[in-house]
Protein chains: 2
Amino acid sequence: VEAIDISEEAAALTEFWSQRVLGEANGSLFKVAKGIGSINWHKHDDQDEVFLVIEGRLTIQLHDGDVTLDAGDMFIVPRGVEHCPKADAEVHLMVVGTAITSNEAGGKPAWSYTRGGK
Amino acid sequence: VEAIDISEEAAALTEFWSQRVLGEANGSLFKVAKGIGSINWHKHDDQDEVFLVIEGRLTIQLHDGDVTLDAGDMFIVPRGVEHCPKADAEVHLMVVGTAITSNEAGGKPAWSYTRGGK
């Protein structure tokens, strides 16, 4: 039985802003992602979205202002709230929610589908 | 709008193995705790329990063997599975589940109610 090294799982991803499910608990998916650059403004009407930074820095742009997360910081974007994550350098993060949100409706820009793996 | 610094929240706790809710999302509570020493063997029949270490090292003893978590590592203890967390030195962690488990039924030993804050 072994623990999951979240940052290692993030580094192994081949696309930016693409989530992979590491585990499920109580109806929530614990997902890993790596990000760089900015995605598109969007919202989720069906789920709250929890961001937890493991390595690097993530900025979550909100209409109320920017929230900056460093390693060990968390922030919850409630359902229905428009947001736009961005990162100047590669960031490794955990995202918790009830479903995968790394698709076009989740703000994922076209470039991120091909840019990963570098 | 500000992110939550989980380790800072853990440091501010006055009792070991006592959880404080930092936020709620999709029916799950995102809780912070700090631990040292060992709690008691126990299980939760009503919820899966997610452990995510923010700072330090946590060992989760299972009947199948020990799982060691360093910062950035996660592990899910499924409902009904007996476990016994321990830490040789102070560890800061996030625990995700549907309710507070830092009580006697959650394995919290009597000493931890008074030992915190040091």
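This is a predicted model: local features need pLDDT of at least 70, side-chain atom pairs count only at pLDDT 80 or more; totals for chains, interfaces and linings use all residues.
**Exercise 1.** In β1(B), which residue is the bridge partner of A:D73?

*Solution.* β7(A) and β1(B) pair in the antiparallel sense, and two bridges are found between them. Within this pairing, the partner of A:D73 in β1(B) is B:D5. Next, turn to β1 of chain A, residues 4-5, which is joined by two bridges to β7(B), again with the strands running antiparallel. There A:I4 has B:M74 as its bridge partner in β7(B).

**Exercise 2.** Describe β7(A) by its neighbour within chain A and by the burial of its residues.

*Solution.* Take the pairing as the opening step: strand β4 of chain A, residues 49-55, runs antiparallel to β7(A) and is joined to it by four bridges. One of the bridge pairs consists of A:E49 and, in β7(A), A:V77. Then consider burial, for which a residue must have under 20% relative accessible area. Strand β7 of chain A covers residues 73-77, and five of its five residues are buried. Finally, look at the directions in which these residues point: A:D73, A:F75 and A:V77 point one way from the strand, whereas A:M74 and A:I76 point the other way, and all are buried.

**Exercise 3.** Characterise the interface of chain B and chain A by its residues, its buried area and its polar contacts.

*Solution.* Count the residues to begin with: 35 residues come from chain B and 35 residues from chain A. The area buried between the two chains is about 2400 Å², and carbon and sulfur atoms give 66% of it. Of the area that chain B buries against chain A, 29% is supplied by B:V1, B:N26 and B:M74, which is more than any other three residues supply. The side of chain B that touches chain A draws two or more residues from each of several elements, among them β1 (4-5), α1 (6-11) and β8 (83-97) of chain B. Sorted by kind, the residues of this side are 18 nonpolar, nine polar and eight charged.

**Exercise 4.** Locate B:N26 in its hairpin and state its phi.

*Solution.* β2(B) and β3(B) pair in the antiparallel sense over five bridges, and B:V21 has B:K31 as its partner in β3(B). The hairpin that these strands form has two residues between the strands, and in this hairpin B:N26 takes a positive phi near 55°.

Note on methods. Residues are numbered from 1 along each chain as its sequence is written. Chains are lettered from A and ligands numbered from 1 in the order in which they are written. Side-chain values use heavy atoms; hydrogens and water are left out. Contact means heavy atoms within 4.5 Å. Buried area is the accessible area (1.4 Å probe) that two parts lose on being put together, summed over both. A polar contact is a pair of N or O atoms within 3.5 Å; within protein, one must be able to donate a hydrogen and the other to accept it, and residues adjacent in sequence count only if both atoms are side-chain atoms. Ala, Val, Leu, Ile, Met, Phe, Trp, Tyr, Cys and Pro count as nonpolar, Asp, Glu, Lys and Arg as charged, and the others, Gly among them, as polar. Two strands pair if DSSP finds at least two bridges between them. Buried means under 20% relative accessible area, exposed over 50%, partly exposed in between (1.4 Å probe, protein chains only).
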